[in-house]
Amino acid sequence: SEEFAEKILIIKQMETVEEGYELFGTGMDAIECVPSAILTFYLTDDFKAGMIKAVNAGGDTDSLGCIYGAIAGTYYGFNNMPERWVKGIKNRDYLISLADYLHSLKFQRF
């Protein structure tokens, strides 16, 4: 939608994550949560700092944290996530093997 596009375009004008949360919102609707997650990624410098901002934002923090985590996890990589957080993930070994498998499918040479 035009409203969604406008929110994405003004992310670069935000100076703080909190300013963006106030403007965009952090509720369940994608028009709030997605721009706030992208903003969090844009204005933080590492996975941990951004995740802490996301889950403490108020509102629909599980969705905000999930979207931020998908973006930032892809960018920063598994090895840049706090080890303490990663060690406690249920089915961790399975998820790592699944990620390796999906990566190999994408980048296999023919």
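**Figure 1. The whole chain, as an opening view.** The accessible surface of the protein chain comes to about 7,700 Å², and carbon and sulfur atoms hold 55% of that area. Please keep in mind that this is a predicted model. Of the 110 residues in the protein chain, 28% are buried. Among contacts with a separation of 6 or more, 57% join residues 24 or more positions apart.

Figure 2. Is Ser36 buried or exposed? Ser36 counts as buried because its relative accessibility is 0%. Which backbone oxygen lies 3.1 Å from a polar atom of the Ser36 side chain? That oxygen belongs to Glu32. Leaving aside residues up to four places away in sequence, Ser36 touches Gly20, Tyr21, Phe24, Gly25, Thr26 and Leu64.

**Figure 3. Two cysteines, Cys33 and Cys66, without a disulfide.** A disulfide needs cysteine sulfur atoms within 2.5 Å, and by this rule the model has zero disulfides. Cys33 is in no disulfide, and the nearest cysteine sulfur, that of Cys66, is 8.8 Å away. Looking from the other end, Cys66 is in no disulfide either, with the sulfur of Cys33 as the nearest cysteine sulfur at 8.8 Å. How do the two surroundings compare? Cys33 counts as buried because its relative accessibility is 2%, whereas Cys66 is exposed, with a relative accessible area of 54%.

**Figure 4. A nonpolar surface patch that includes Leu102.** Which residues make the nonpolar surface patch of about 660 Å²? The patch is made by Ile89, Tyr94, Leu95, Leu98, Tyr101, Leu102 and Leu105. One of these residues, Leu102, lies in helix H7, which covers residues 92–107.

Note on methods
Residues numbered from 1 in each chain as written. Predicted model: local features only at pLDDT ≥ 70, side-chain atom pairs only at ≥ 80, totals over all residues. Heavy atoms only, no water. Buried < 20%, exposed > 50% of the residue type's maximum accessible area, 1.4 Å probe, protein only. Polar contact = N/O pair within 3.5 Å; in protein donor to acceptor, adjacent residues only side chain to side chain. Contact = heavy atoms within 4.5 Å. Patch = residues over 30% accessible without salt bridge, like charges linked within 9 Å, V, L, I, M, F, W, Y side chains within 5 Å. Areas by Shrake-Rupley, 256 points an atom, 1.4 Å probe, with all protein chains shown as cover. Salt bridge = Lys/Arg side-chain N within 4 Å of Asp/Glu carboxyl O. Helix = DSSP H or I, 4+ residues; strand = E, 2+ residues; numbered from the N terminus.
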